[in-house]
Amino acid sequence: MPSMRQSYTVTVPEEPPAAAFPFLKQEMRRKGSMSGSVLVSTFVGLLINQAKNSKSAQGLVGLKNLGNTCFMNSILQCLSNTHSLRDYCLHNSHRRDLNNNSRTNTALMEEFAKLMQTMWTSSSSEAVSPSEFKTQIQRYAPRFVGYNQQDAQEFLRFLLDGLHNEVNRVTVRPRGTVEDFDHLPDEEKGKKMWSKYLEREDSKIVDLFVGQLKSSLTCSHCGFCSTVFDPFWDLSLPIAKKGYGEVSLMDCMRLFTKEDVLDGDEKPTCYRCKARRRCTKKFTIQKFPKILVLHLKRFSEARRTSKLSTFVNFPMKDLDLREFASENSINAVYNLYAVSNHSGTTMGGHYTAYCRNPNSGEWYTFNDSRVTPMSSSQVRSSDAYVLFYELASSSRM
Ligand SMILES: [Zn+2]
């Protein structure tokens with residue numbers, strides 16, 4: 001049996017977020033004696049001015065580049081536009097989770113939440129410096145010390161893992177017991193494995209980002225099929241090759257889930273034959289996460305020496321993944337809300353983010369300290385590297 005994938009762990013206090021339009025209140029107090037209709041038109045005018053002048057009130061705040069930190073800024077903007085995660089920080093719900101357990105280290109989640117709050121409530125439109133946050137992430141993951149260019153997807157993994165660890169609702173992990181669910185039907189086995197996972201790893205981060213993958217191994221000798229269920233925090237999709245021109249995201253998904261033959265040195269031991277046999281392996285998705293992160297494997301795994309700049313055509317709306325579900329009748333339709341882009345080569349590259357503002361539904365380009373409106377028709381490009389999708393039923397838009 002293949003070993004379990006790496007499992008991850010992530011965990012948060014109460015102050016209302018600063019009012020979104022602080023000076024509106026002032027303005028209203030000042031003009032308290034005005035007639036109703038004048039007040040209404042002033043009100044509307046102010047709202048429009050507010051939208052134009054104070055970008056920050058709407059999350060349209062750039063992040064200063066601290067020296068090759070565009071990979072970090074790009075991911076932070078994608079997470080800032082993940083509305084459930086943003087609200088978790090803005091409503092200070094993370095503090096409840098932090099207080100509920102006596103962890104020694106809560107600084108990463110606190111700095112992350114502080115940064116989100118600044119990005120959504122500060123009245124200045126100046127770019128914000130994420131240096132306090134960077135101090136904490138590099139304490140958690142020393143590989144981010146210094147100012148080298150890093151991989152955005154790896155950074156996302158570390159960040160979510162770190163946040164989860166600090167707001168994990170599980171304070172005492174149960175002792176690892178070996179339970180055998182192999183006698184159960186697959187669907188029940190999948191549920192048991194998921195609740196076993198939650199006994200150890202249970203947080204807002206898990207609620208949002210973690211799904212469950214099923215791998216089925218079929219013995220070519222006796223036909224016995226064994227199943228393994230593993231949590232996943234994102235899916236790394238190989239880029240399908242089709243001669244020239246573009247490929248679709250569905251092609252990449254199909255390649256990812258394609259039946260694979262395990263032979264030679266890779267031969268697993270068949271449970272029934274009690275011998276190593278040639279087997280076929282296939283992935284299906286047992287549980288779809290609310291937020292699905294799809295990583296396009298543009299970089300060669302061996303030291304990132306080459307990059308594929310294939311245009312992968314991905315849908316903005318209605319990405320229907322039901323054909324990859326273990327069971328049918330599952331809701332698996334997603335809408336895109338953020339993209340982390342990588343332009344350039346492996347030697348010299350730059351990260352930006354395209355994000356749909358959860359309040360207005362408009363798309364913006366986040367290029368370090370610069371934030372500019374963009375047309376949704378420009379979102380798809382051959383720079384797309386990490387895609388953020390939200391399950392349609394949980395979407396507010
Ligand atoms: Zn067998």
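This is a predicted model: local features need pLDDT of at least 70, side-chain atom pairs count only at pLDDT 80 or more; totals for chains, interfaces and linings use all residues.
**Entry 1: the zinc site**

I started with the metal. Which residues hold the zinc ion? I found Cys219, Cys222, Cys270 and Cys273, each using its SG atom, at 2.3 Å. Next I looked up the angles between the four donor atoms, and they run from 105 to 115°. Four donors count as tetrahedral if all angles lie between 85 and 135 degrees, so I wrote down "tetrahedral" for this arrangement.

Then I checked how the donors sit along the chain. Their spacing reads C-x2-C-x47-C-x2-C. Cys219 belongs to strand β1 (residues 211-219) and Cys270 to strand β6 (residues 269-270), so this pair, 51 residues apart, links distant parts of the chain. Are Cys219 and Cys270 buried or exposed? I have both down as buried.

**Entry 2: helix α6**

On to α6, which covers residues 107-121. I counted 15 residues and a reach of 21 Å from the first C-alpha to the last, close to the 21 Å expected at 1.5 Å a residue.

How many residues of α6 are buried? The tally is twelve of the 15, so the rest of the structure largely encloses this helix. Among them are Leu108, Phe112, Leu115 and Trp120, and I also noted Glu111 and Gln117 on the buried list. I wanted to know what does the covering: the list includes α3 (70-80), α4 (83-90), α5 (93-99), α7 (131-140) and α8 (152-167).

**Entry 3: helix α4**

Eight of its eight residues are buried. They are His83, Ser84, Leu85, Arg86, Asp87, Tyr88, Cys89 and Leu90.

What do the buried residues of α4 pack against? My list has the helices α3, α5, α6, α8 and α10 (204-209), plus the strand β16 (384-391). One more thing I spotted: just after α4, Asn92 has a positive phi of about 60°.

**Entry 4: His183**

Last stop, a loop. His183 sits between α8 and α9 (186-198). Buried or exposed, I asked of His183? Its relative accessible area is 62%; exposed means over 50%, so His183 goes down as exposed.

Conventions:
Residues are numbered from 1 along each chain as its sequence is written. Side-chain values use heavy atoms; hydrogens and water are left out. Helices (H or I, at least four residues) and strands (E, at least two) are DSSP runs, numbered from the N terminus. The expected span of a helix is 1.5 Å times one less than its number of residues. Buried means under 20% relative accessible area, exposed over 50%, partly exposed in between (1.4 Å probe, protein chains only). Contact means heavy atoms within 4.5 Å. Donors are N, O and S atoms within 2.8 Å of the metal (3.2 Å for Na, K and Ca); water is not among the atoms, so sites may look incomplete. Four donors count as tetrahedral if all angles lie between 85 and 135 degrees; four count as square planar and six as octahedral if opposite donors are over 155 degrees apart and all others between 65 and 115; anything else is irregular.
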